[in-house]
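Colleague: I've just opened this one and I'm new to it. Could you walk me through how to read a few of its features?

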Amino acid sequence: MSLTAERIEQKLRERFPGAAIERQEGVAVRDHTLYVPAESLVEMCLFLRDDDELQFAMLSWMGGADYMPRVPRFETIYSLLSLTHNQRFTLKVRVGEENLKLPSVVSVWPTANWHERETYDFYGLEFVGHPDMTRILLPEDWVGWPLRKDSPLGYEEVAFTHNTPNRLLPSPALKKLAPKKVKYRAQ
Amino acid sequence: MPNPEDQNPFRTLVQPAAPVVPTSDLIMPMSEGDRLQDELEKGVLFTKLESIASWAVNQARANAIWPLGFGLACCAIEMMAIAGPRFDVSRFGAEVFRGSPRQADLMIVAGRVSIKMAPVLRRLYDQMPDPKWVIAMGACSSCGGVFNNYAILQGVDKIVPVDVYVPGCPPRPEALLHGIMKLQEKILVSKVEFGPIVPRKKKGAA
Amino acid sequence: MRNETMTLNMGPQHPSTHGVLRVALELDGETIVQCKPMIGYLHTGMEKQAEYKTYTQSIPQTDRMDYISPMSNNLAFCLATEKLLGIEPPARVQAIRVLLAELTRISSHCVWMGTHAIDIGALTVFWYTFREREKVLSIYDMVSGARMTSSYFRVGGLSMDIPAGFLARCEKFVDEMPAHIDEYEKLLSKNPIWLARTKGVAPISAKDGIAWGVTGPSLRGSGVCWDLRKSQPYSGYETYDFNVALGSVGDAYDRYTVRVTEMRESTRIAKQAIQRIRELGEAGEYRVRDFKYVLPPKEEVKTSMEALIHHFKIVAHGFFPPVGEAYAGVEAPKGELGFYFVSDGSSRPWRMKVRSPSFVNLQALPIMVEGKLVADVIAAIGSIDIVLGEIDR
């Protein structure tokens, strides 16, 4: 692996001197991650893809995360992969609740199409420039964004004897079929 | 003494299971009103010829159930395994998995039913001609299974009437075959309607 | 004479769509003008549900994603969590994981071959491959108790040690498998009908494959030598000797040859893994000894106070990973399967994202079939090898 993550960050900073690029710090942040601003996302991705030294030809996956109650609330994560240099790299974009629109990277990597639709489906983040911004996994008429932290899991309360009033009790005749009560010696 | 494990490591069945003779009450206990009506019908309407005919029809229906190929998720693979060579569903006459619901008798709901799939399932059930049966295979189609959340229907019996529930996650192919055999027992004691099916007037209801 | 296109719906219930996939085809005669796969009919909300369960409780859920190769999902989950925790299981555990992952690969490719052939019309192959698959499933049964949804791996190791007789049975299977693969090849590889149905059908170029994020045998069929077991090895794969199967053109026949070769290579790796487990001990440690995150052995729990406390805390609350994120990808039979975890320090993941290979590979379906005939869609879907469970999660 001749290309290190620090070199990628350095090249990115050199090419985009004005942009607010931050490195993600943390105890257990195991992949080299950079926060980039939404405005320069598409240009940075084009640079990362086309530059001869970098050649991030594949967008491995793209997803979103909801960090409620932190402000800005959402993040989208882009995991890039360079096959020629065998290197992974992660970009993140912070999205606030007041403006849920992001530029779409479909023009850079066509594979982002379904990933962005899935992120829209789960979180409600809209991607400007996407050819088909509709729900993909949930029914088209679903209301709400299920993976947001304030959306409930939606589970159904399982009916037990203690939480079902007025339930139909079995007939007394069935008691004849019940197993004989065992007398333990300790009793 | 040779280790039986070595001789039969894949534990293929060597003895046939003991046969069980089903009776009507064992499958579906009837209420008093239904029992009276049944006695009435048996005495008045059923002649010897009709009872032989209904026995014959039930035998035909039970031994040639054509399932609809409706595998949704993991249980579908175990359903494919019963079509495979080891657990042969051909013995039961049910190896023809029809592609179209119009030609199928049995819908084995194999897998979790998501909210997006539920209307499709109901529509397929409606397209199946009578007599039709439904086996809810696996925990997810019986009751939602492992997934109790916004996306999964908690039991396919919320939208279609189910005849046999086969528990398991996924149920072993032998369990599904047991379920099919239970369904065959149910079919063998079913009442055969000769002529168009007229809904029975309920006592007290309009 | 008017020229109109016909919309054909290959509905969610279809004998050949490998699950509940819906493909809307716009046809001009038999030629496909537009192809639009529609998914979501099996959406299970696994990513949301994982936020409400501890890490160990989510492992059975992963089995149900790619239900044809369940152990590779478990492996990816465990590797991602171990990366987050910063622990590494001992060499013996890694060898067992490699052995089971390769057996999973063989079993998954058996299912692929059976269903792909049955879609195209070669029914016999289905019976043959499912016969072999039954052997792998009985191995799963032996080691974990369940035929398919095994949930055998745990974070930091395995749930139980391998039973006696397991290695003998694996070796028996691995020794006789190459003969069975020869059988399958005899049925298909030079079969004129098979060649007519798969040669030149649904091609995808290497450049398109990379642009559309395709991974796994579908990408290797186009000639790109990208295999995570070689490029970014995990679980000790760098110490095994195997080749990577490559195709040239990227049509369905190339993907078929890649997968058949992969089955053979998997038997090689499995043999080496069995050898290694024999060297390291047929019975031994099956978990890493980091009791902050991994359950201590039961003998120590009964005798040592610290082990008892660790056991109690892990069972009652689950383990508490450090605050951070990690992504780990494995070479699943279908492609690159990866799990991405965001941890906030509590015992439940804050976010679990699954990078499923079939989700990404299926996106490339329109590229493969637009302009081709309608019968090729079936061959294409079969040759990409998709599993709706992991597409829809």
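Colleague: Where is Ser151(A) found?

Modeller: Keep in mind that this is a predicted model. Ser151(A) sits in the segment after β8 (126–128) of chain A.

Colleague: Which residues is Ser151(A) in contact with, leaving aside neighbours within four places in sequence?

Modeller: Those are Trp145(A) and Pro146(A), plus Lys48(C) and Tyr52(C) from chain C. A polar atom of the Ser151(A) side chain also lies 2.7 Å from the backbone oxygen of Trp145(A).

Colleague: How much area do chain C and chain A bury between them?

Modeller: Interface size is often given as the accessible area lost when the parts come together. Here the two chains bury about 3800 Å², with 58% of that on carbon and sulfur atoms. On the chain C side, Lys48(C), Glu325(C) and Trp350(C) lose the most area to chain A, together 17% of what that side buries. The contact takes in 46 residues of chain C and 45 of chain A.

Colleague: How many salt bridges are there between chain C and chain A?

Modeller: The count is six. One salt bridge pairs Lys353(C) with Glu118(A), their closest N and O atoms being 3.6 Å apart.

Note on methods:
Residues are numbered from 1 along each chain as its sequence is written. Chains are lettered from A and ligands numbered from 1 in the order in which they are written. This is a predicted model: local features need pLDDT of at least 70, side-chain atom pairs count only at pLDDT 80 or more; totals for chains, interfaces and linings use all residues. Side-chain values use heavy atoms; hydrogens and water are left out. Contact means heavy atoms within 4.5 Å. Buried area is the accessible area (1.4 Å probe) that two parts lose on being put together, summed over both. A salt bridge is a side-chain nitrogen of Lys or Arg within 4 Å of a carboxyl oxygen of Asp or Glu. Helices (H or I, at least four residues) and strands (E, at least two) are DSSP runs, numbered from the N terminus. A polar contact is a pair of N or O atoms within 3.5 Å; within protein, one must be able to donate a hydrogen and the other to accept it, and residues adjacent in sequence count only if both atoms are side-chain atoms.
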